[in-house]
Amino acid sequence: MSKTCNIAVLKGDGIGPEVTGAAVNVLEAVQDTSNLKLRFLYGEAGYHCIAEHGTNLPEETIALLKRTDACLKGPMTTPETPGAPVSAAVKIRKMFSLYANVRPCRSFPNVEALKPNIDLVVVRENTEGMYSGVEYEVAPGVGVALRIITKEASLRVVEFAFKLAAKRKKHLTYVHKGNILRITDGIFKDAVKTVAPKYPDVAIDDVHIDAMAMHLIKKPETYDVIVTTNLFGDVISDEAAQVTGSLGLAAGANIGDAYGMFEPVHGSAPKYTGMNRVNPAATIMAAQMMMDYLGEKKAAAKIEKAVMKVLSEGEVRTADLGGSSTTSEMSDAIASKVKSL
Ligand code: NAD
């Protein structure tokens, strides 16, 4: 008898409810065809709760997250006015110390990509850097944001990236701008040099962030695991996702020592809210990563195989992939593929 996994589901804003609903539909299909036991516990978070709760992450939701094994999170709209609540995702990452943001990017069958053989993972530091949220207007028209980089946070994310590279193609690239940000990126580079001797089989190279933006277009197939600081990682993982076909296919995991939160890389795409039009595959692949994290390897493999089959058959395709299928048609196609495996 397998244990019950308690999953917090935060539907989020904009297209969030549609894509998380699509992922739960697929998880239920896995559950129906195996002895996997999932309990979905829904919580409120995101822009839509600010009016009612005065916050985008109510206390009850934090308590809910603490009672669960992992969280499936939909994208959330983040207000940009100074003084508005900090992004709920950023708060959860910091609160639960989810220090490694893992974003796999690979070529998918039947999906137009810049190269057919891309298979890389961006590991982004997730708790500090430009997302520290320390920003001041020091004088009218003069703003300062603090890019906090610590040895401790750099070491733990670098260690995570080395472990991942050791399990994959044994190639780690660290990305920085150490020629300009000598102190902060100096600390990050030192962390790589400190951890490297523990992984003698992993080949290491380093690339400046601006060059990396170019290399990801020119030769993305040459990379395996890329580790970098928070903002650099956010930007290059979106770029890498588009290089492999669509933001609608890119999933991300936020992993700490005791908890994991899984979400699509994309945002809440407000203009498509309620249109049943966007691609749910990114959130479905986030659910796949969550199953893997929870040790449910067979469930994870089933979801991955089902997504690949639906993409390679090419009959059900959302607009971002050049088709006209709806979000729910894509979800149902993947769910029924899960059942037939
Ligand atoms: P976005 O990712 O929401 O949308 C950019 C464009 O990407 C969309 O207009 C659409 O063309 C495409 N796209 C996104 N998701 C897609 C999908 N599933 N299928 C097909 N196409 C898709 O980025 P944005 O417009 O910069 O941000 C909108 C809001 O989302 C903002 O408030 C932002 O702060 C927030 N956001 C949240 C998260 C998160 O919750 N983790 C991440 C990024 C952005």
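Which residue in S9 is the bridge partner of His171? Ala203 in S9 is that partner. The legends below concern a predicted model, in which local features need pLDDT of at least 70, side-chain atom pairs count only at pLDDT 80 or more, and totals for chains, interfaces and linings use all residues. Residues are numbered from 1 along each chain as its sequence is written, and side-chain values use heavy atoms, with hydrogens and water left out.

**View 1. The open sheet of ten strands.** The strand order is S2-S1-S3-S12-S11-S4-S5-S10-S8-S9, with mixed pairing. Strands (E, at least two residues) and helices (H or I, at least four residues) are DSSP runs, numbered from the N terminus. Two strands pair if DSSP finds at least two bridges between them. S2 (37–43) and S9 are the edge strands, each pairing on one side only. From one strand to the next, the twist averages 25°. Angles run from 0 to 180 degrees between N-to-C directions, and axes are lines fitted to C-alpha atoms, for helices over the stretch in contact.

**View 2. Strand S8 and its two partners.** S8 (residues 171–176) has six of its six residues buried, so this strand is largely enclosed by the rest of the structure. Buried means under 20% relative accessible area, exposed over 50% and partly exposed in between (1.4 Å probe, protein chains only). In a regular strand the side chains alternate between the two faces of the sheet. On one side of S8 lie His171, Thr173 and Val175, and on the other Leu172, Tyr174 and His176, all of them buried. S8 pairs with S9 (residues 203–208) in the parallel sense over six bridges. With S10 (residues 225–228), S8 also pairs in the parallel sense, over four bridges. Leu172 has Val225 as its bridge partner in S10, and Tyr174 has Val227.

View 3. S5 and S10 pair in the parallel sense over four bridges, and the bridge partner of Arg124 in S10 is Thr228. Helix H7 (residues 209–218) lies across S5 (119–125), S8, S9 and S10, and runs at about 105° to S9. Helix H8 (residues 230–243) lies across S4 (100–106), S5, S8 and S10, at about 155° to S5.

**View 4. Packing of helices H1 and H11.** H1 (residues 16–32) and H11 (residues 327–340) pack at an angle of about 15°, with axes 8 Å apart. The two helices are therefore roughly parallel to each other (angles under 35 degrees count as roughly parallel, over 145 as roughly antiparallel, 65 to 115 as roughly perpendicular and the rest as oblique). Contact means heavy atoms within 4.5 Å. Residues of H1 that meet H11 include Ala22, Val26 and Ala29, and those of H11 include Ile334, Ala335 and Val338.

**View 5. Lys337 in helix H11.** Lys337 has its place in H11 and is buried, with a relative accessible area of 17%. Leaving aside neighbours within four places in sequence, Lys337 is in contact with Ala306, Lys309, Val310 and Glu313.

**View 6. The loop at Thr55.** Thr55 lies in the loop between helix H2 (50–53) and helix H3 (59–66). Residues up to four places away in sequence not counted, Thr55 touches Cys49, Ile50 and Lys91. The C-alpha atoms of Thr55 and Pro85 are separated by 6.5 Å, and the two residues are 30 residues apart along the chain.
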